[in-house]
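Visitor: Hi, I'd like to go through this one with you. Can we start with what the words mean and then look at the parts?
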Amino acid sequence: MFIRTDRLFLRPAFPEDWQAMYNRLDDEGIVRNLARAPWPYRAEDAQAFAKRAQDPWRPGFVITMPGADGTPMVGQMGLGDDEGDTQIGYWIARPYWGRGIASEAGAAVLEVARMLGHKRLVAGHFTDNPASGRVLSKLGFRSTGEIRMDFSCGRGAKAPAMRYEMQLGEDSEECEVMRAA
């Protein structure tokens with residue numbers, strides 16, 4: 001599955017993406033905010049991730065930014081499993097922070113989730129990463145008020161994480177707002 005937005009191109013990861021993925025994720029400040037990426041992040045970790053099989057129900061995407069200098073990888077975003085719930089997760093490489101990339105890519109991934117028939121998504125962020133909470137709120141996620149201790153491979157420990165959710169589909173409040181407009 002491929003997605004084009006105003007500035008971005010989202011696509012599946014290919015095995016040959018491992019080097020770009022490694023170069024972007026070899027940053028403790030990013031990895032510590034992810035649940036499943038280990039620290040230190042090794043080339044072998046990137047290779048394994050880049051060649052893993054895609055789940056068509058919960059796809060993942062490499063985020064690229066086409067331009068005059070090529071199409072650099074700027075992050076990743078996708079849908080995954082969180083104790084039976086469908087969760088959105090992402091990371092953006094440090095040189096691209098503060099440019100609205102996560103929000104733009106997130107809106108596209110939400111459309112894919114709707115197209116696939118997901119009715120509800122969950123998300124979370126470690127409490128010491130409030131920027132991620134702002135992205136989730138901008139996308140329309142609502143805080144559940146729950147803070148739970150989630151494990152981060154990058155931290156090697158559990159840390160407090162805020163929980164969010166979003167209702168998708170015809171029964172969601174979002175659709176009611178759109179119908180009224």
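This is a predicted model: local features need pLDDT of at least 70, side-chain atom pairs count only at pLDDT 80 or more; totals for chains, interfaces and linings use all residues.

Visitor: Okay, so glycine 75: buried or exposed?
Guide: Glycine 75 counts as buried, because its relative accessibility is 0%. Its place is in strand β4, residues 73-82.

Visitor: What does glycine 75 touch?
Guide: Not counting residues up to four places away in sequence, glycine 75 touches Phe61, Val62, Ile63, Trp91, Ile92 and Ala93. Take valine 62: it is 13 residues from glycine 75 along the chain, and their C-alpha atoms are separated by 6.1 Å.

Visitor: New topic, the nonpolar core. Which residues touch the most other members?
Guide: The largest nonpolar core has 45 residues, and Leu10, Met21, Ile63, Ile88, Trp91, Ile101 and Phe141 touch the most other members. Helix α4 gives the largest share of this core, 8 residues.

Visitor: Pick isoleucine 88. What is it in contact with?
Guide: Leaving aside neighbours within four places in sequence, isoleucine 88 is in contact with Met77, Gly78, Leu79, Val109, Leu110, Val122, Ala123, Leu136 and Phe141.

Visitor: Leu136 makes me curious about α5. Which residues of α5 are buried?
Guide: In α5, residues 130-139, the buried ones are Ser132, Gly133, Val135, Leu136 and Leu139. They are on the same side of α5, because they cover an arc of only 160° around the axis. In general, an α-helix has 3.6 residues a turn, so residues three or four places apart point the same way.

Visitor: And what does the face turned away from the buried side carry?
Guide: That face of α5 carries the exposed residues Arg134 and Lys138.

Visitor: What covers the buried residues of α5?
Guide: The cover includes β5 (85-92), α4 (101-116), β6 (120-126) and β8 (157-167). Just after α5 comes glycine 140, with a positive phi of about 105°.

Visitor: Let's do charges. How many salt bridges does a search of the whole structure find?
Guide: The search finds 15 salt bridges. One of them joins the side chains of glutamate 104 and arginine 7, at 2.7 Å from N to O. This pair links distant parts of the chain, 97 residues apart: glutamate 104 is in helix α4, and arginine 7 is in the loop between β1 (3-4) and β2 (9-11).

Visitor: Is that pair buried or exposed?
Guide: A bit of each class. Glutamate 104 counts as buried because its relative accessibility is 17%, while arginine 7, at 32%, counts as partly exposed.

Visitor: What does aspartate 128 form a salt bridge with?
Guide: Its partner is arginine 32, with the closest N and O atoms 3.0 Å apart. Aspartate 128 lies in the loop between β6 and α5 and arginine 32 in the loop between α2 (28-31) and α3 (43-50), so the pair ties together parts that are 96 residues apart in sequence.

Visitor: And aspartate 82 with arginine 163?
Guide: Their side chains meet in a salt bridge at 2.6 Å, N to O. Aspartate 82 is in strand β4 and arginine 163 in strand β8, 81 residues apart. Aspartate 82 is buried, and arginine 163 is buried too. Both belong to a network of salt bridges that links Asp82, Glu83, Arg148, Asp150 and Arg163.

Visitor: Last one: where does pLDDT stay under 50?
Guide: Over residues 174-181, where the model has 5 contacts beyond four places in sequence. The protein chain averages a pLDDT of 93, and 93% of the residues score at least 70.

Methods
Residues are numbered from 1 along each chain as its sequence is written. Side-chain values use heavy atoms; hydrogens and water are left out. Buried means under 20% relative accessible area, exposed over 50%, partly exposed in between (1.4 Å probe, protein chains only). Helices (H or I, at least four residues) and strands (E, at least two) are DSSP runs, numbered from the N terminus. The arc is that of the directions from the helix axis to the C-beta atoms. Contact means heavy atoms within 4.5 Å. A nonpolar core is a set of buried Ala, Val, Leu, Ile, Met, Phe, Trp, Tyr and Cys residues joined through side-chain atoms within 4.5 Å. pLDDT is the predictor's confidence in each residue, from 0 to 100. A salt bridge is a side-chain nitrogen of Lys or Arg within 4 Å of a carboxyl oxygen of Asp or Glu.
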